[in-house]
Each structure stands twice: as C-alpha cells, then as structure tokens.
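Subject: Structure handover

Hello,

I am passing on the structure we spoke about. Please have a look at it first; my notes come after it.

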Amino acid sequence: MSKEIPYKIYLEESEMPKYWYNVRADMKVKPAPLLNPETLKPMTKEELSEVFCEELVNQELDNNTREYPIPQEILDFYKMYRPSPLVRAYCLEKKLGTPAKIYYKFEGNNTSGSHKLNSAIAQAYYAKKQGLKGVTTETGAGQWGTALSMACSYFDLDCNVYMVKVSYEQKPFRREVMRTYGASVTPSPSMTTNVGRRINEEFPGTGGSLGCAISEAVESATSKEGYRYVLGSVLNQVLLHQSVIGMECKIAMDKYGIKPDIIIGCAGGGSNLGGLISPFMGEKLRGEKDYQFIAVEPASCPSLTRGKYAYDFCDTGKVCPLSKMYTLGSGFIPSPSHAGGLRYHGMSSILSELYDQGLMEARSVEQTSVFKAAQEFARVEGILPAPESSHAIKVAIDEALKCKETGEEKTILFGLTGTGYFDLYAYAKYNDGEMDDYIPTEEDLARGFASLPDLKL
C-alpha cells in the first residue's frame with residue numbers, strides 16, 4: 001500500500017544517493033567515441049588529458065562502470081542544498097482541471113539558482129585534487145558560469161569564464177554574481193583569443209553562441225600552464241554527475257509508490273535532461289519498466305527535431321574533438337533567444353544515441369508559448385522559472401491538457417532546472433509584447449549544415 005504522499009517530498013540525508021549512475025553501462029549501443037580532428041581516430045586518454053582533468057577523462061571514456069561512488073568531499077558540499085525537493089504541482093493541476101498528477105524536481109534552491117552546481121563542484125574538486133591553478137569555461141545564460149565560480153571559490157581555484165555576448169549584455173546581474181565569487185568574465189566572441197578575433201571578423205556584430213565561447217575557453221585553457229577546460233553540459237562526465245537528480249527522484253518516488261508515465265526535460269546540450277532521465281532510462285534499457293521520455297528544445301535552435309546525426313565539431317572555432325551527435329552544424333549561429341542556456345548547436349552523444357534508437361522523443365516549442373507557460377506556472381506554483389526550465393513546463397502543461405481531453409490519469413514528472421530571477425529582461429520583453437518567435441528557415445539550416453566536416457570514415 002502506498003504511503004500518504006506529502007506536498008513536497010524531501011529525502012533524509014541518509015537516503016541521498018552515494019553514487020552517480022552511468023547510463024552508458026546499460027546501453028547496448030554505446031555512444032560513438034570522440035574523434036581527434038587531425039587524425040580522425042578516437043581520442044585517447046593522453047590527448048584528452050591535455051584539455052580536461054585526468055579523473056574527468058576517465059569518467060568521460062568509461063562505458064562500462066555502472067556506479068561511480070561520489071567522493072565524501074562532494075557529498076559534504078551537496079548537503080548544503082541536496083536533496084532537492086520533489087514537488088506535487090497541486091495548484092497547477094487544479095488550474096488546468098486535469099486528472100493528471102504533475103510532479104517537478106526543483107533544482108533552483110542554491111546560490112547558483114540551477115542544477116549546474118551538481119557538476120561544477122565535482123569538476124572543481126577533481127581540478128583541485130590534480131593540483132591545478134584554475135579552470136576556464138564558457139557559459140550561455142550564466143547558470144553554469146555562476147555555479148562554477150561558486151565551486152572554484154570553495155576550492156580556492158582561479159575561474160575564467162567566457163560568457164556568450166548576448167547573455168553578457170542581457171543578464172548583467174548574473175555576470176556580477178560570478179565576479180562576486182571571484183571569477184573573471186569575458187564577453188564572447190572577444191578580441192582576447194585568436195579564435196575570438198577570427199569569429200568577430202567572420203561574423204561582425206555577432207551576439208555569439210555557446211560554440212564560440214567553447215572555442216575561446218579551450219584556447220585559453222591550453223595556452224596557460226596549470227589550467228584545464230571544464231564544460232557544463234554535453235559531455236558524458238557531466239551527465240554522470242547530473243544523474244544525482246534522477247537518482248533522488250527515483251528514490252523519492254519509489255518510497256511513496258509513485259511511477260511516472262511521462263518524464264520531461266528541457267534540452268540544450270543535455271545535462272539536465274540526461275541527469276533527470278538516466279536511472280529511469282536504465283530501467284527501460286534493462287527491460288524492467290517502461291517510460292515515455294520527452295526532450296524539449298527551442299524552435300530557434302532545434303538540434304534534435306531538425307538536426308542531422310553526424311560527426312561535428314563541438315565548437316564554432318573547430319578546435320575541439322569531433323562528436324557524433326544531433327547537430328545543426330558548428331557554424332550555426334542561433335538567434336539571440338532568451339533561452340540562452342539552450343542555444344547550443346548540438347546535443348549530448350548519449351542522448352543523441354538514445355534518440356536515434358527511438359528510446360526518447362523530442363519536441364521544439366516557440367519562445368512566446370514558453371513564456372506564457374512560465375507565467376501560468378509562476379502565478380499558481382509560486383516559483384518564477386528560468387526560461388530554459390519553462391520549455392519543460394510548456395510540454396508538461398500540454399500533456400496534462402491531453403489527459404483532460406482523454407480522462408487519463410497519467411503521472412507526469414518534469415525537471416524545474418532553476419529560477420528566472422536573473423531573466424527579468426526577458427520577462428519584461430514578454431510582458432511588453434515585444435517578444436517574437438524566430439524559427440530558422442531551411443536556408444538558415446543549410447548554412448549550418450554546410451559547416452559539417454566531410455569525413456571519409
């Protein structure tokens with residue numbers, strides 16, 4: 001018999017996950033390996049270690065270890081804000097008049113305001129353990145940069161952040177939080193790196209992209225002794241760390257006898273979505289249970305729904321390894337959408353492989369509909385959601401309304417990745433009726449696809 005379910009489910013400290021779950025261990029078809037852009041051979045541990053921390057490289061390449069014990073130092077840090085609450089959205093259900101049960105995992109109850117801290121603290125820990133001086137990274141909307149600056153401050157590491165220029169200009173307060181934690185923040189593309197100067201020359205006046213910022217951060221890291229590059233999404237290691245989200249969800253739901261029918265997450269590079277669905281996907285892969293997984297991306301940057309599954313550069317400057325993923329091409333420059341954290345041209349190789357196998361589905365949604373859903377959620381649930389998270393809210397509402405039409409009592413789980421209090425510029429645009437919906441044309445996509453490498457593998 002199920003226990004009485006509280007409005008907010010908090011796990012006890014003793015119930016917190018003690019390990020990260022590696023979904024690749026249960027995948028029959030593993031994600032394709034990263035390729036050296038010069039030799040087109042799989043990247044070796046030695047080659048990757050020139051860019052990333054050694055232990056993170058081990059995690060990146062490991063397709064077989066199912067469970068990674070979380071180091072005690074990281075567990076101690078997690079206790080500051082984990083376990084995060086799993087919330088039943090009773091007020092939203094009532095407003096929609098749906099028989100569906102809606103739950104959301106809220107990751108915004110920490111200083112960084114998002115789920116990004118789960119991996120930032122892990123990556124900073126391994127950098128400190130290796131004896132490095134500091135790290136460089138990129139950030140889109142600023143959540144990852146904020147989280148990393150906080151983690152680096154905790155371990156007394158130097159932190160250099162290249163922030164996508166349009167977000168740097170639209171979100172000055174996010175930038176100032178990073179600086180408050182001691183990080184240096186540079187708008188990207190900048191004139192401080194070779195690749196930045198090249199991109200500015202090729203795309204005059206560009207607002208930048210995550211692909212541009214990645215190129216600059218990698219160049220910066222590899223040109224300074226004692227530094228390494230760290231990334232907040234896309235990579236296997238990041239999805240591994242973010243699995244703590246899904247692990248907590250599963251423990252909490254199992255505790256009260258709840259089984260979600262539909263699991264929804266916003267999708268940019270894949271960190272939140274991958275972390276949320278991993279343990280549930282593991283059950284599906286092992287044939288134990290079945291779930292419907294939905295990735296939600298912006299219509300302005302539709303890598304899954306309109307992209308190609310191919311090897312591509314992870315960055316616009318083409319200095320990073322090649323990854324097989326759903327991509328719009330590393331040369332695709334998205335519109336200056338307010339969902340800054342979802343403006344990446346590609347998708348995690350893990351999620352790309354799962355999507356290609358038909359194990360999850362994807363939907364793209366327009367910006368104004370996303371903010372309408374965000375506003376509706378905020379007015380009844382009391383949390384102002386991040387624009388990225390609101391993509392998941394939009395589709396969760398859509399699914400709940402379908403249940404209203406059919407009378408089905410499905411259980412819906414979505415990831416509320418963070419808060420939107422630094423996104424009020426975007427909310428102002430929406431409230432003033434000045435927000436529009438940009439959807440790339442076939443010609444726009446063709447220009448991006450033209451940048452795909454012509455590989456003879």
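**The whole chain**

Please keep in mind that this is a predicted model. The protein chain has 18 helices and 15 strands. Its radius of gyration is 20 Å, close to the 23 Å given by the globule rule for 457 residues, so the chain is as compact as a globular protein of that length. Along the principal axes, the C-alpha atoms fill a box of roughly 60 × 50 × 45 Å.

Of the 457 residues, 64% are buried. Among contacts with a separation of 6 or more, 77% are between residues 24 or more positions apart. The chain exposes about 16,900 Å², and carbon and sulfur atoms supply 50% of that area. As for charge, there are 50 positive and 58 negative side chains, and the centres of these two sets lie 2 Å apart.

Helix 9 covers residues 194-202, and its buried residues include Val-195, Gly-196, Ile-199 and Asn-200. These four sit on the same side of helix 9, because they cover an arc of only 135° around the axis. An α-helix has 3.6 residues a turn, so residues three or four places apart point the same way. Glu-201 and Glu-202, on the other side of helix 9, are exposed. The cover over the buried residues of helix 9 includes helix 7 (165-170) and helix 10 (210-222).

Ala-147 belongs to helix 6 (residues 143-154). Its relative accessible area is 0%, so Ala-147 is buried. Leaving aside neighbours within four places in sequence, Ala-147 is in contact with Ser-112, Lys-116, Leu-117 and Ala-120. From Ala-147 to Ser-369 the C-alpha distance is 28 Å, and the two are 222 residues apart in sequence.

Thr-411 is in strand 15, which spans residues 411-416. Its relative accessibility is 9%, so Thr-411 counts as buried. Neighbours within four places aside, Thr-411 is in contact with Lys-101 and Tyr-103, and also with Ile-258, Lys-259, Pro-260, Asp-261 and Ile-262.

Gly-382 is in the loop between helix 15 (367-381) and helix 16 (387-406). At 59% relative accessibility, Gly-382 counts as exposed, because the cut-off for that class is over 50%. Not counting residues up to four places away in sequence, Gly-382 touches Phe-377 and Tyr-421. Gly-382 and Asn-63 are 41 Å apart in space, C-alpha to C-alpha, and 319 residues apart in sequence.

**Backbone details**

Most residues other than glycine have a negative phi, and most peptide bonds are trans.

- Arg-82 and Pro-83 are joined by a cis peptide bond, with omega about 0°. Pro-83 is in the loop between helix 3 (72-78) and strand 4 (86-88).
- Ser-188 and Pro-189 are also joined by a cis peptide bond, with omega about 10°. Pro-189 is in the loop between strand 8 (184-188) and helix 9.
- Leu-40 has a positive phi, near 60°. Its loop runs between strand 2 (19-21) and helix 1 (45-48), and Leu-40 counts as partly exposed at 27% relative accessibility.
- Val-234 has a positive phi as well, near 70°. Val-234 lies in the loop between strand 9 (227-229) and helix 11 (236-255), and with a relative accessible area of 10% Val-234 is buried.

Regards

How values were computed. Residues are numbered from 1 along each chain as its sequence is written. This is a predicted model: local features need pLDDT of at least 70, side-chain atom pairs count only at pLDDT 80 or more; totals for chains, interfaces and linings use all residues. Side-chain values use heavy atoms; hydrogens and water are left out. Helices (H or I, at least four residues) and strands (E, at least two) are DSSP runs, numbered from the N terminus. The radius of gyration is taken over C-alpha atoms; the globule rule is 2.2 Å times the number of residues to the power 0.38. Buried means under 20% relative accessible area, exposed over 50%, partly exposed in between (1.4 Å probe, protein chains only). Contact means heavy atoms within 4.5 Å. Accessible areas come from the Shrake-Rupley method with a 1.4 Å probe; for residues, only the protein chains shown count as cover. Lys and Arg count as positive and Asp and Glu as negative; His and the chain ends are not counted. The place of a charge is taken as NZ of Lys, CZ of Arg, CG of Asp or CD of Glu. The arc is that of the directions from the helix axis to the C-beta atoms.
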